[in-house]
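User: Can you walk me through this one? I'd like to go over the chain contact and then a sheet.

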Amino acid sequence: MAQGAAKSASTGGLRRRRLLSAWLFMVPLLVVNLLVILGPSVATVYYSFTEWSGIGPAEWVGLQNYRDIVADVDFWSALLHNLIWTMIFLTVPIGMGLLGAFLLSQITRFQMIFRVLYFIPYVIASVVNAALWQNILDPSRGIGSALATVGIPFLDGVSFFGSERLALPAVAFVDNWHWWGFVVLLFLTALQSVDKELYEAAKMDGANRWQQFINVTIPGIRATLVFVVLITIIGSLLVFDYIYIITQGGPAGASEVVGTLMYKEAFARFEAGYAAAMGLGLSFMSGLVIVVFLFLRRRGWEI
Amino acid sequence: MHAHISRRQFLARGGKAALGVGLAGSLLSGCGGGGGGGGQVTYWSNLEGSGPQAYFKKSIEKPFEKANGGTDLKVTFQPPDEMDRLVRTALQGGEGPDIIMTPGPAYAQEYIDANLFAELDDYSSEYKWEDKLLGWALDLGRYEDKLYAIPYQLQTMLLYYNKTLFEDKGMAPPKNRDELEAMAEELQGQGITPFAAGIGDDPAAIEWFPTVFWNHYSGPDALYQALTGEIPFSDPIFVEAIDLFNSYVQKGWFGGSQEKFFSNGFDALHADLGDGKAGTNVEGSWFLATINDYFENSGDAWDWAPLPPLRSGVPAELYELGIGSTLSVNGRAENAEGAAAFIDYLVADKKRAAEWMAAVPSAFNAPLPFSESDFPSSMDERVARQLAALSQATNQGNFGYTAWTFWPSKSDVYIQEEMQKVLTGDITAAEFCRGLDEQFTEERKEGAVPKIIKPGGAA
C-alpha cells in the first residue's frame, strides 16, 4: 500500500515536471502571441468602436462604424466581388488541381519536372507575377497585339485590366496562375496515399476511369480536398495582394474587394476606426467558416 | 495624391543625372550653417535610387555636418509611397525622426491639430526665411498665424509634346481650346493618340485630370471660391469641366480609348510619346526628370508648354501649384535647433537648392524666387525654363490648385475613386460634383481644409 502510494506520488511528480517543461517551452510562443496577435486584436476591437484617424485620440462612437458598414454600398459591392472570387477559386484551381494531379499520378517519367514547373509560379513574388501578366495582357504591346501581327486579331486592343467587365476575372486568372500548381501538389501527395488495391478492386468490379475517380480517388483524398476548400474560402475572403498590385480595385470599383477597400479606408481616407470594424467583419466571416467546418466534423462528417 | 509612381520612377532614374552632373565640389563650397552645432538630427527622406542617395550623402549630408559644428545628421531613406504610413505609425508610438516629412499641407495640418509639430517662427526669424522663401510658401505652412511647415518639392502640370512630330506635321502647341481640339482631331485622324495617358500603374493619378480641367476650364478664381466655401463644387462651372474631360476620353483622345486609359501604364504611355505614337502628354513637372529616357530610341526632340486655357477669361499661362511634401520639426525632437538648421540648409539657400534641383531634375524644387540664371549651366534649358516659369508665375499670384495639395484627404480620395465612375458612365459629372461638394463641405466643417492661398486674379 505504502509502496503503491510512493509510486503514485512519484508518477504525479513526473507528470507535474513534464507539464512544467511543456509550459516552459510554450512560454516564448505565448508571449509572442500575446504581443503580436492578441494585443493588436484587442486594440482592433476597441478601435472598431471609435472614430480614429490613425493619429491622435480616438473618439468612442459605439456601434456607429458597424451601422455605417451595413449602409455602405461600396462595402457590399466589394463583398460581392469577394464571393465571386470565392466561386472562381472553388471551381477553377480546384478543378485544374484535381485534373493535373490525376494526370500526373498516371505518369512516372518526367513527373518531377512537371511538379517543379507547376510549382514555380507559386514561389515567385506576387509583384513579379503581376508585372509579368500586366505586360503580357497589355492592350497595345501584349499578347493581343502580337497575335494580331500573325493574323489572329481577336485579342487585339482588349484591355483586360481596364475593362469593368474583365478586370476581376482577369486578376483572378493571374492569381490562379500562381496558385493552381500548389493545389496540384497537394492533391498529388494525397493521391499517392490512396491504396492501389482499391483501384484494382474497382477495376475488377467493372468501374471505368471516371467511376474510379468518383468512388475511389475523391473519398481517398477527402481530407485534403476539404482542407483546400477551407483555405480557398478563407483566402478568398482575405484576398488583397494581386488586386491591389494590378488594379487597386479599379476601374471604378469593378475589382474592389473588402481587403483593398479596408486598406483605402485606413491609409488613404484615414478612417482607421471604420477600417478596423471592416477588418473585424472579415475576421468574423472567416471564423464562421472554421466554426461550420468544426461543427460538421463534430456531427460525424468525415472531413 | 502624394507619391505617384511616375515620380518614384524618375527619382530612381535620377541617379543617372545625379552621377552625371558632378556638382559635389560646388556644393561643398556653398557652405551654409547656423545654429545647429552638435548633437544628432534624424531625418527620413523619400529619396529613391542609389545614385541620388549617394549624391545626397556626399553633397548635402556631409557638408551640412561639417558646416554645423559636427552635427550628426542621421538620414534614413524610406519608400515614398510608404512614408506617411511609417511616419504616422512612428508618431503614434511617440517616436519618429526629428524632421517630419508629410505628403502635403492637408496631411501636415492633421499632425499640427494633434500637437505633434514644433512652431518654427523663431527659426524663421533666425534664418530669415521671410526674405528667402516665396511668400505664399510660408503662408501655406502657417496655421492660426504660426509657422509649422515648410512646403517643399514644388510641382505643376504641363503639356509635354513630341517636338519632332509637331514640326513634321507643321503643328504648334495649342494656346486655347479650339486649337487643342483641332490638334487632337488632326492627330487622331492620322492614327496618332492625341494625349498619351493612362492610370494602369496608379489609379489615383486620375486626379491629375480633374485638376487640369478645373484649373484651365473653371479657372483659379472659381476654384478659390469653392475651396473657401463661397460657391459649391456642384456649380455648373465645375460640372462642365468634368463633362469636357469625359467627352475627350470617350473620343479616345486620352490613351486611345476609355478602357486603355484605365490600363495603360506609365512606361508604355511615355514610350508612345517618345516614339511619336502619341503627340502629347499631360503630366506633372516630375516627368522632366525621366523624359529623355523615352526619346532615346526615336531620337526625337521634346519640349513642354503651359496647358492652354479651355475657356475665355482663364489666364493664358497658368500653373496649378502642387506641393510634393512639407518639412516640419517633430514636437518631441531632442535637437530641434539642429533640425531647423538642416531644413534651412536644404531648402532656403538658392545656390545649393538650384544645384540639388539640377542633380535630380525637378524632384526637390524649393519654394525660392528663381530665375533661369540661378540654375547651373549643366541643367537642361527646358527644365530651367520650367522651374523659373513656375517660380515667377506663383510669385506673381498666377497659380492654380492641385487636388493632392489643396483638397482635404477624403475629398481627394473621393476624386480619385469617383472620377473613374464618370468615365465608365456609372455616374454623371453632375452627380460626381454633387458628391464632392457633400464630402468637401463635411471636411470643411471639420476644419480639414488646408490653408487656401489667394491667386493673383481672385477678388
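This is a predicted model: local features need pLDDT of at least 70, side-chain atom pairs count only at pLDDT 80 or more; totals for chains, interfaces and linings use all residues.

User: How many residues of chain B are in contact with chain A?

Analyst: On chain B, 23 residues are in contact with 23 residues of chain A.

User: Which helices of chain B each supply at least two residues to that side?

Analyst: They are α4 (83-92), α5 (105-113), α14 (258-263) and α20 (409-424) of chain B. The most comes from α20(B), with 6 residues.

User: And what is the side of chain B that touches chain A like, by class?

Analyst: It has 8 nonpolar, 7 polar and 8 charged residues.

User: OK, the sheet. What is the strand order in chain B?

Analyst: The order is β8-β9-β7-β10 (chain B). This is an open sheet of 4 strands with mixed pairing.

User: Which strands stand at the edges?

Analyst: β8 (193-195) and β10 (302-305) of chain B. Each has a single partner strand, so one side of each lacks a neighbour in the sheet.

User: How do β7 and β9 of chain B pair?

Analyst: In the antiparallel sense, over 5 bridges. β7 covers residues 157-162 of chain B, and β9 covers residues 278-284 of chain B.

User: What stands opposite L158(B)?

Analyst: E283(B), in β9(B).

User: By how much are neighbouring strands of this sheet turned against each other?

Analyst: By 25° on average, direction ignored.

User: Where does helix α15 of chain B lie?

Analyst: Helix α15 (residues 266-275) lies across β7, β8 and β9 of chain B. It runs at about 130° to β9(B).

Technical notes. Residues are numbered from 1 along each chain as its sequence is written. Chains are lettered from A and ligands numbered from 1 in the order in which they are written. Two residues are in contact if their C-beta atoms, placed from the backbone, lie within 7 Å. Ala, Val, Leu, Ile, Met, Phe, Trp, Tyr, Cys and Pro count as nonpolar, Asp, Glu, Lys and Arg as charged, and the others, Gly among them, as polar. Two strands pair if DSSP finds at least two bridges between them. Axes are lines fitted to C-alpha atoms, for helices over the stretch in contact, and angles run from 0 to 180 degrees between N-to-C directions.
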